[in-house]
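This report walks through a single protein model for a reader who is meeting it for the first time. Please look at the sequence and the structure below before reading on.

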Amino acid sequence: MAKRICKTPIGIFDSGVGGLSVLNELDKLMPVEHYIYYADTKNIPYGDKSQEDIIKFGREILNFFLFKGVQHVIIACNTSSALSYNVLKQEFPSIKIYPLIQSVAKNLAKYNNLAVLATEATVNSGKYASEIKKYNRNAEVNEIPCPGFTEIVENGLYNSPTTLELIDDRFELLGDVDKIVLGCTHYPYLLNTFDKFIDKENFIDPAKIFAKVIFEDIQNENQGVIFDLPKREFYVSDNPDKFKENAKIFYEIKEEVQLV
């Protein structure tokens, strides 16, 4: 047994395997916690959905987490952070909600010229630019929509000719920037493919920053220390076998993935 710093389960959700990039980073900082991961695979991708739909999905997931006794929820999805966080935090006051974009913006604001690769919905919200400019008014943020990138990951098509053509097309829009932000939690899965075009050192994975923010906040709550064993639960809204298979490149799921 080892020290657990959060007395209740921690909920994490995304549309698919992308949010596992956040869980992977949390595992390094808070390895003994009880994590409940929910992938809304029935409704993937979120990037082409309306704000109304994104809020509806988030509401259903948070009600599920309430049933599971969760008091801290991590929105490990940029699109949901951009479009649903403000509504969800009002509707679920008993839950501490961590939105991805809003949590990492301060750290990203140290750069004056950024590109952000993201879903169409995230780009259309302008959330990365607006949040970063709260801390750096002079920051230039070029948000680039990347339709199809999420589907590449969810279907394991990392090096197909169509994939390489699509990435090349999007990268032509980057321009001269300090860093390139992976503005969707699915995109770290593509880093090895991106590296064929641009050295992976030029990319920022916000999951690393996000995990540190969450860790420090929960630690500061000073809930006391519980001695326990690590626990992981995984739930999906569709096709648990495909989810578990696609997760392997980033996160080895040993537990049964349950359909809800």
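## Charges

The protein carries 29 positive and 37 negative side chains, and the centres of the two sets lie 7 Å apart; here Lys and Arg count as positive and Asp and Glu as negative, while His and the chain ends are not counted, and each charge is placed at NZ of Lys, CZ of Arg, CG of Asp or CD of Glu.

## Basis of the model

This is a predicted model, in which local features need pLDDT of at least 70 and side-chain atom pairs count only at pLDDT 80 or more, whereas totals for chains, interfaces and linings use all residues. Residues are numbered from 1 along each chain as its sequence is written, and side-chain values use heavy atoms, with hydrogens and water left out.

## Overall form

The C-alpha atoms fill a box of roughly 50 × 40 × 35 Å along the principal axes. Of the 260 residues, 56% count as buried, meaning under 20% relative accessible area with a 1.4 Å probe and protein chains only, where over 50% is exposed and the range in between is partly exposed.

## Aromatic pairs

The protein has 14 aromatic pairs, counted when ring centres of Phe, Tyr or Trp (its six-membered ring) lie within 6.5 Å, with planes under 30 degrees apart called stacked, over 60 edge-to-face and the rest tilted. Phe149 and Phe194 form a tilted pair, 5.9 Å centre to centre with 45 degrees between the planes, and both residues are buried.

Phe171 and Phe197 make an edge-to-face pair, 5.9 Å centre to centre with 85 degrees between the planes. Phe171 is buried at 9% relative accessible area, whereas Phe197, at 32%, is partly exposed.
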